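Dear colleague,

Please find below the structure that I am handing over to you. My findings follow it.

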Amino acid sequence: MGKKKQRTVGFAITGSFCTYEKIKGVVRRLVEEDNRVVPIFSNMAQTVNCRFGNAKDFIIEIQEITGERGIFSIQEAEPIGPKGFLDVLVIAPCTGNTMAKLCAGITDSPVLMAAKAHMRNDRPVVISLSTNDALGASLKNIGMLMNTKNIYFVPFGQDDYRKKPKSMIAHTDLIEDTIEAALEGKQLQPVVRSPF
């Protein structure tokens with residue numbers, strides 16, 4: 001059996017900072033599986049320091065794991081379309097804000113430009129959602145994206161249904177399986193899974 005072809009995975013990171021530790025593990029596994037992983041950082045991921053860590057430190061660590069400088073601006077993300085160099089784009093974590101803008105066709109960050117540019121090539125976008133209002137204001141956007149060609153969701157569930165009953169988060173350990181299914185044009189099922 002021949003060696004698996006190396007894939008180029010765009011890995012777009014938005015501002016759900018509480019998931020960053022899990023995301024680092026996913027990026028590390030993708031690299032270990034011989035994928036080229038190109039990180040793409042939202043404006044929030046580039047600038048916000050919070051109780052979960054310092055933005056600069058996180059960026060440096062992702063760059064070290066991937067061996068790639070990454071994409072930091074709308075201008076840097078735009079060539080993803082005409083050059084068509086990504087096999088798949090993963091948005092992880094994907095906030096409610098990012099999903100809303102994706103639905104509305106708003107392109108005001110490197111991540112959103114990467115998604116727009118990549119989608120024109122008819123290739124898969126994998127969304128790993130993380131939002132406190134998935135069962136509230138973001139629910140209509142999740143439904144719209146579920147019904148959009150070439151968009152696939154990492155299965156998700158409620159993360160704290162007692163204290164945050166509208167909050168849902170993706171099962172990040174299923175990102176790799178979702179990528180494989182998406183590359184075959186399939187949505188990994190079941191999409192909605194039991195609480196964490």
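**Charges and overall form**

The chain carries 25 positive and 21 negative side chains, and the centres of the two sets lie 4 Å apart. Here Lys and Arg count as positive and Asp and Glu as negative, while His and the chain ends are not counted; each charge is placed at NZ of Lys, CZ of Arg, CG of Asp or CD of Glu.

This is a predicted model, in which local features need pLDDT of at least 70, side-chain atom pairs count only at pLDDT 80 or more, and totals for chains, interfaces and linings use all residues. Residues are numbered from 1 along each chain as its sequence is written, and side-chain values use heavy atoms, with hydrogens and water left out.

The chain contains nine helices and seven strands (DSSP runs, H or I of at least four residues for helices and E of at least two for strands, numbered from the N terminus). Buried residues make up 50% of the 196 residues, where buried means under 20% relative accessible area with a 1.4 Å probe, protein chains only.

**Helix α8**

Which residues of helix α8 are buried? In this helix, residues 139-146, they are Asn141, Ile142 and Leu145. Seen down the axis of α8, the buried residues fall within an arc of 100°, so they line one face of the helix; the arc is that of the directions from the helix axis to the C-beta atoms. Their cover includes α6 (96-104), β4 (125-131), β5 (151-153) and β6 (156-158), by contacts, meaning heavy atoms within 4.5 Å.

Yours sincerely
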